Amino acid sequence: MADGGRKQRVLIVEDEDNIALALDYLMGREGYEHDRIASGEGALERIRATHPDLVLLDVMLPEVSGYEICQEVRADRGLAGVKILMMTARGSAMERRKGLALGADGFIAKPFELKELRDEVHRLLDAGAGAGAGAA
């Protein structure tokens, strides 16, 4: 477990409460600091304000899609260190390619096994842990 003084922060952007509760539980159990926003509206502002290490980003959100949020985060140089794991119920190869083309770091299809999600979260956060985060 990478323990460099502060807990890694995860922002959950998910409108379905049952999925958000499972994600909340898992992030807490894994020792991450975490927060949730239930719609696309305001997600970008929250990402800019809290600068999470990882965003668990649902594709299908009210108001603003996960794809739009991903694109905006990638266009903001100040958020270059933020990892994005996109989640979708429509896990087609085309959806995955679109998410990755817009700059997502990973893509997971719902419903997912919690172990699969945990492994993906660790893959993304452990890879970024030694990368000198925080350089402006």
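**Exercise 1.** Check whether the span of helix H1 (residues 17-29) agrees with its 13 residues.

*Solution.* Start with the rule: the expected span is 1.5 Å times one less than the number of residues. For the 13 residues of H1, that should give 18 Å. Now compare: the end C-alpha atoms are 18 Å apart, which agrees. Helices here are DSSP runs of H or I with at least four residues, strands are E runs of at least two, and both are numbered from the N terminus.

A quick word on the model: it is predicted, so local features need pLDDT of at least 70 and side-chain atom pairs count only at pLDDT 80 or more, while totals for chains, interfaces and linings use all residues. Residues are numbered from 1 along each chain as its sequence is written, and side-chain values use heavy atoms, leaving out hydrogens and water.

**Exercise 2.** Find out which residues of H1 are buried and which are exposed on the other side.

*Solution.* Buried means under 20% relative accessible area, exposed over 50%, and partly exposed in between (1.4 Å probe, protein chains only). Ile19, Ala20, Leu23, Leu26 and Met27 are the buried ones in H1. They sit on the same side of H1, because they cover an arc of only 130° around the axis (taken from the directions from the helix axis to the C-beta atoms).

**Exercise 3.** Work out which strands pair with E4 (residues 83-88).

*Solution.* Strands pair if DSSP finds at least two bridges between them. Strand E3 (residues 54-58) runs parallel to E4, joined by 5 bridges. Strand E5 (residues 106-109) also pairs with E4 in the parallel sense, over 4 bridges.
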